[in-house]
Amino acid sequence: MSDANSRSIVSNQAGIHEKLDEIVNKHLNAEFKKPIAEHTQKAFDEVNAKVQAFNGPLILDSCCGVGESSANLAKRHPDALVIGIDKSSHRLDKHDVEYKQTDSGQYILVQADLNDFWRLAVAANWQPTHHYLLYPNPWPKSKHIQRRWHGAAIFPFIVKLGGQLEVRSNWDIYVKEFARALALTGNPCDVTLYESDDAITPFERKYWASGQQSHRLVINL
C-alpha cells in the first residue's frame, strides 16, 4: 500500500460512545489490581535507573512504534530524556540506525506493556514534563471501547502521570472521547485540528499524504 493510500477509519460509531461516561467513572473508582508482568518490571527497572540518574526533564512517548517520534522529540527537546515505549519488539526492531542516540537529544526505547509500565512509573513518582500519545490504535469498533486508552482500566494512571499530555489521531471520535474522559477527571480540554510541515511519525506522514487530517488535544495535567 503506498503512502498516499492510507485507509480512513471505518467505525459503527457516529459519535462518542454511549457508555463512555459509565466506563470511565467505573475505572476512576476502582483499584487496578492486575499483577505486573515480570518482563515489564525488568524493563522498567533498567530504564528507571537511568531516569533517576538523569538530571533534566523527562518526556514519555507512549505507543512509539518504530521510535521515529522518540528520536524527533529528542531533537526538539535536547535537554530532556525521552522514553519511547511500545509493546511490539517487531516495531522497535525496525528502528533505523540513524535514529539511535545522537548528540541532538537523548532517548531510550523500551519494549513493555503500558498497562504495567505506566503504573510502575506512577509508583516510582516519575514526573514527565510531556507525555505524547501519538496515533495509538483507535480500536474503532464500538464493542472495543475498553481497548481504547481512555476506556481502559489504566486510564486513571495516564492522568496521575501528569505533565503536558498530547494525544493525536486520524479519527476525531477517538480524541473527542479522550477529551470527554479527561473532563470526567476535572481536566476539560479542546480538540483541534493539527497541521504541521513536519510529520514526526510514519503514521502522520502516511495520513497526511492520503489527505486525512490529524485531530489532537493538549492539556497540562
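Predicted model: local features only at pLDDT ≥ 70, side-chain atom pairs only at ≥ 80, totals over all residues.

Trainee: What makes Arg180 and Asp21 a salt bridge?

Mentor: The side chains of Arg180 and Asp21 come to 2.5 Å, N to O. The cut-off for such a pair is within 4 Å, so the contact qualifies as a salt bridge. Arg180 belongs to helix H7 (residues 172-184) and Asp21 to helix H1 (residues 20-28), so the pair ties together parts that are 159 residues apart in sequence.

Trainee: Why are Arg180 and Asp21 called partly exposed?

Mentor: Arg180 has 32% relative accessibility and Asp21 has 28%. Buried would need under 20% and exposed over 50%, so both residues count as partly exposed.

Trainee: Which labels do Arg91 and Asp86 get, buried or partly exposed?

Mentor: Arg91, at 34%, is partly exposed, whereas Asp86, at 5%, is under the 20% limit and therefore buried. The closest N and O atoms of Arg91 and Asp86 are 2.9 Å apart, and the two form a salt bridge.

Trainee: How many salt bridges does the rule give, and which residues are linked in a network?

Mentor: The count comes to 11 salt bridges. Glu166, Arg168, Glu204 and Arg216 are linked in a network. Within it, Glu166 and Arg168 meet at 2.8 Å, N to O, and both of these residues are buried.

Trainee: How do you know that Cys63 and Cys64 are in no disulfide?

Mentor: The structure holds 0 disulfides. For Cys63, the nearest cysteine sulfur is that of Cys64, 8.2 Å away. Cys64 itself is buried, with a relative accessible area of 5%.

Trainee: What makes strand S5 mostly covered?

Mentor: In strand S5 (residues 164-169), 5 of its 6 residues are buried.

Trainee: Why do we say that S5 pairs with S4 and with S7?

Mentor: Pairing takes at least two bridges. Strand S4 (residues 130-134) runs parallel to S5 and is joined to it by 5 bridges, while S5 and strand S7 (residues 214-220) share 6 bridges in the antiparallel sense, so both pairs pass. His130 has Gln164 as its bridge partner in S5, and Arg168 stands opposite Arg216 in S7.

Trainee: Where does the chain cross on its way from S4 to S5?

Mentor: The chain passes through helix H6 (residues 155-161), and this β-α-β crossover is right-handed.

How values were computed
Residues numbered from 1 in each chain as written. Heavy atoms only, no water. Helix = DSSP H or I, 4+ residues; strand = E, 2+ residues; numbered from the N terminus. Buried < 20%, exposed > 50% of the residue type's maximum accessible area, 1.4 Å probe, protein only. Disulfide = S-S within 2.5 Å. Right-handed = clockwise from strand over helix to strand, strands pointing away.
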